[in-house]
Amino acid sequence: GMNVLRHTDDWAELACGVSGSGSTMPQSPQASFRLSIKAVASEAQLSVGYSPFLSFDVDDMDSTVARCAQMGGHLDGPLQYPANGKVATL
């Protein structure tokens, strides 16, 4: 299952392969990831056709994008390179 790292009434950070303290648990590197979920109240975000936004922190963006593509994912535009790292929209 997934561990709850942090949560509020509007937001939660869950993890697989990461302990409650944030350190990686003894599992394979591919099994270690974090998932952040945010509640929405905007009508636009609750409408049919709106795609939910999931954010993941990964150690190796290039291999993660390649693995997602092998499993049927498609990039929605090129990789972005903001000041704090890489961003891919799949």
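Modeller: Let us begin with Glu13, which is buried at a relative accessible area of 7% (buried means under 20%, exposed over 50%, partly exposed in between, with a 1.4 Å probe and protein chains only). This is a predicted model, in which local features need pLDDT of at least 70 and side-chain atom pairs count only at pLDDT 80 or more, while totals for chains, interfaces and linings use all residues. Residues are numbered from 1 along each chain as its sequence is written, and side-chain values use heavy atoms, with hydrogens and water left out.

Colleague: Which residues does Glu13 touch, not counting residues up to four places away in sequence?

Modeller: Contact means heavy atoms within 4.5 Å. On that basis Glu13 touches Asn3, Val4, Leu5, Arg6, Arg34, Leu35 and Ser36.

Colleague: With which residue does Arg6 form a salt bridge?

Modeller: Side chains of opposite charge can pair when their charged atoms come close. A salt bridge requires a side-chain nitrogen of Lys or Arg within 4 Å of a carboxyl oxygen of Asp or Glu. Here Arg6 pairs in this way with Glu13, and their closest N and O atoms are 2.4 Å apart. Arg6 is partly exposed, with a relative accessible area of 44%, whereas Glu13 is buried.

Colleague: How many salt bridges does the structure hold?

Modeller: There are two. Lys86 forms a salt bridge with Asp62, with 3.2 Å between the closest N and O atoms. Lys86 lies in the segment after helix H2 (61–70) and Asp62 within helix H2, so the pair ties together parts that are 24 residues apart in sequence. Lys86 is partly exposed at 35% relative accessible area, and Asp62 is partly exposed at 44%.

Colleague: In which strand is Glu13 found?

Modeller: Glu13 is found in strand S2. Helices (H or I, at least four residues) and strands (E, at least two) are DSSP runs, numbered from the N terminus.

Colleague: What is the order of the strands in the open sheet?

Modeller: Strands of a sheet pair through backbone hydrogen bonds, either parallel or antiparallel. Two strands count as paired if DSSP finds at least two bridges between them. In this model, three strands form an open sheet in the order S1-S2-S3, with antiparallel pairing. Strand S1 (3–7) and strand S3 (33–38) are the edge strands, each pairing on one side only.

Colleague: Over how many bridges do S1 and strand S2 pair?

Modeller: S1 and strand S2 (residues 11–16) pair over four bridges in the antiparallel sense. Val4, for instance, has Leu14 in S2 as its bridge partner.
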